[in-house]
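Take a moment with the sequence and the model below.

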Amino acid sequence: MRATVKGRVAIFYPQGFLDGNNASSFLSIDDIRATEALNIDMLLVSLKKVIFFNKNGLDVFIKLLISIRNQKRISIGLCDYDSLKFKTINAFYGNNLNFSLFRTEKIAELFTPSNKSDSKTVLLYNDDLSQRSAMAIELFDYGHNPVIAQSKKEFDEKKQHPDLYYTIIEDTYLGLFGQKIATRVTGNVIIYTVANFLDAEITNTFNIAYHNNSLNVGFRLFIFDAYKVISMNVHALNFFTKLASSAAEYNATICFVGLTFEKTPQIFKNDLEDAGILFFDNMDDILKNKELLQELGGSVATASKQTRTLNKALVNELPRFIDATISTIAMMTNAKASKESMNIQTLEITDTTNQYASSIGFYGDVDGMIIIIFPKAIAKKACELLIGEATDDEETILDSLAEFVNIIGGRAKALLGEQKHRVDITLPRTYGDVVSLMEMAQNKKGVQVNLSFEGSHFIFFLTR
Amino acid sequence: MVTNEEIAHYIHSIPPAPTIIQETIQFVRNGDLVKAAKCADEDPALKLYLRTLVNRAVYGFRNEVHDVSQIFGILGISTAQQVLYHYLMTLLAPKKWKLFHLDNHTFYDLQASLSRNWGKILHHLGVLDHDTASAITLLPASIIICDALFGSHKSEVEQLRSVKALDYNTILSRLSGQSLFDLSSQIAEKWEIPSTISRIVHAASGLDRDLSENEHVLAQWMHLLLFFELSKGLYVQAGLNEFIDFQIDFVSDIYESFVQVMEYNESNR
């Protein structure tokens, strides 16, 4: 059984009965290797379709999860269960519960970084005060707005109005959490929350893959929320200096907010400033100052002062990227898309109304970005297989479009792999309108391929 | 991916049930096992299948059984009818499985185990009619169809499933408007299998509405039985655990009775 990956969360979905006699059959050696190779922040086992499980059955999965957590320092746990199953799991593991429990996938996703900048308001309650606080801090650090009920009575009252909340968090447990630095997105800014003592451990807790992904998909401003930092040592200093150097290659900016130098040597600040890192007292000094934000690259329109040009290596692989796109559309719709024209140019969209767009970056032996712009109706048609039922809900359609572009990225990766080119793909980004896409892509030169599908036109754009 | 043309071609390529099998089934349905055995004796492939099947460990006979009339005598009307439908299924089964990691012996074991456990369920429910007993034999048709249709699209399905946990039945329904169970019903019709049988099997997808109370109960038990079997290590390894979507809410109210009937010892596993 292979895990399904959504964003940076991978989930196994066993069905039926899960016991000591059959559980190991769900995970072949190939499955384990494939799971170990995933670039994720969280690995879960869904119990949604499991009618019976026992500890022997769960232990087989938990053993794999713990082994991967030890290698990659990701969060692991179980999800998709009801209150009865939650009690059963707690009874099985008692005080030895060293993995997380999320009542739903939706709750689990709140505790991982994403490319989205939408802050969710959630209702939170847990009998255990330390769990309640840990969850609230994590949720806040991931950019959400937890409404914390202080008592069961208050929780039950608030629960009567579920429409006020994105989700209600109960029957949830955070086990060995906080292994990675929490990340949130605000507009076009990535914010990392760091705390306590910053030392050599930061190389393990900082999610460098996510950071590189973000650079590759066009984020240019990275802020370290350092209000809770007590001090840093020379290892952390070296880490941040190197991070600043690599960001400079992308013309990106790194800032620290709220960092005090009472217990950190003042000379460290000078070294960090020399590396190009900026310091601010308050988050709002940046986020509320539009001009500064633009200057720092937090408004993507100005991020491309130094555009990276197309190179021969990328253009040579163009047919494979187009193949990946056309074959994915054929796979998802059983209809054929055909190429109409192809030019090297900046992105040009004649009709900017009623369009969705999505992008995915890749890096490794070749690097660049695929952008696809669809008329809304065609996007819906292309994602019908993923969506299932007719819907006009924009979030659902954009989520499916991200999954769709992820498949294109996966196919392109496989096709490049056949040519012995090793690449990794980033998280996909989606755009509900073309304006926000153009802010990011307007100065970029690339190959624009106009394609036709069922009488409508859509655009494939390959750039760096 | 799978197109409506491919589906139509596949259904069209399935030949009608051989005359000897149809006649044998008819004799069994009429309760004439002697004539049925005589008829079955004329088909060497059927004879070999009956001998091989009946002498497999799941039937638990101490001595090898050779004679067809002896086989039918041992099996009785209901089981003989089931075994003949099983044989029809094997005619549909591929020589080499492409999607699932199955061989024909493992598939026969699945058929036999489904039948045996279905018998226990019907005994528990007090259902005695032969057609209902035979309904279980059509259930694996959906596995065969799935392998036939998706076998050449394995890598595409893997890519799709890497981003979304979709089962084969859902993928097929969304692509073509037809489910694996719709196609099973079409094959049943082609083979002149009574519609009472195909209705129960169709409902075993757990997705049908407008069922009679009796059909609903049988569909619940059949759906849970299917996942009971597909949770066994051998079938999990074969990839069968993921082939349709388990409708856990559909069966939750019969779970306790089910584990008792199956003698599934929760604490000893």
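Is B:Glu263 buried or exposed? B:Glu263 is exposed, because it has 7 other C-beta atoms within 10 Å. The cut-offs are these: a residue is buried if 20 or more other C-beta atoms lie within 10 Å of its own, exposed if 12 or fewer, and partly exposed in between, with C-beta atoms placed from the backbone. B:Glu263 sits in the segment after helix 16 of chain B. From B:Glu263 to B:Thr132 is 131 residues in sequence and 22 Å in space, C-alpha to C-alpha.

A word on the source. This is a predicted model, in which local features need pLDDT of at least 70, side-chain atom pairs count only at pLDDT 80 or more, and totals for chains, interfaces and linings use all residues. Residues are numbered from 1 along each chain as its sequence is written, while chains are lettered from A and ligands numbered from 1 in the order in which they are written.

Now look at chain A. Its secondary structure comes to 18 helices and 22 strands; helices (H or I, at least four residues) and strands (E, at least two) are DSSP runs, numbered from the N terminus. The radius of gyration of chain A is 23 Å, close to the 23 Å from the globule rule for 464 residues, so chain A is as compact as a globular protein of that length. That radius is taken over C-alpha atoms, and the rule is 2.2 Å times the number of residues to the power 0.38. Of the 464 residues of chain A, 46% count as buried.

Chain A is divided into domain 1 (4–169), domain 2 (182–302) and domain 3 (312–463). These bounds come from an automatic or database domain assignment. The C-alpha centres of domain 1 and domain 3 of chain A are 32 Å apart.

Next, go inside. The largest nonpolar core has 226 residues. Such a core is a set of buried Ala, Val, Leu, Ile, Met, Phe, Trp, Tyr and Cys residues joined through C-beta atoms within 7 Å. A:Ile371, A:Ile372 and B:Met222 have the most contacts inside this core. Helix 5 (residues 68–92) of chain B gives the most to the core, with eleven residues.

Which residues does A:Val405 contact, leaving aside neighbours within four places in sequence? They are A:Ser358, A:Ile360, A:Ile372 and A:Pro428. Two residues are in contact if their C-beta atoms, placed from the backbone, lie within 7 Å. A:Val405 belongs to helix 17 (residues 394–418) of chain A. A:Val405 is buried, because 25 other C-beta atoms lie within 10 Å.

Where do the chains meet? In all, 28 residues of chain B are in contact with 32 residues of chain A. Helix 9 of chain B gives the most to chain B's side, with six residues. By class, that side has 13 nonpolar, seven polar and eight charged residues. Here Ala, Val, Leu, Ile, Met, Phe, Trp, Tyr, Cys and Pro count as nonpolar, Asp, Glu, Lys and Arg as charged, and the others, Gly among them, as polar.

Finish with helix 6 (residues 104–125) of chain B. Its 22 residues reach 31 Å from first C-alpha to last, close to the 32 Å expected at 1.5 Å a residue. The expected span is 1.5 Å times one less than the number of residues. Among the buried residues of helix 6 are B:Phe107, B:Leu114 and B:Trp118. After helix 6 comes B:Gly126, with a positive phi near 75°.
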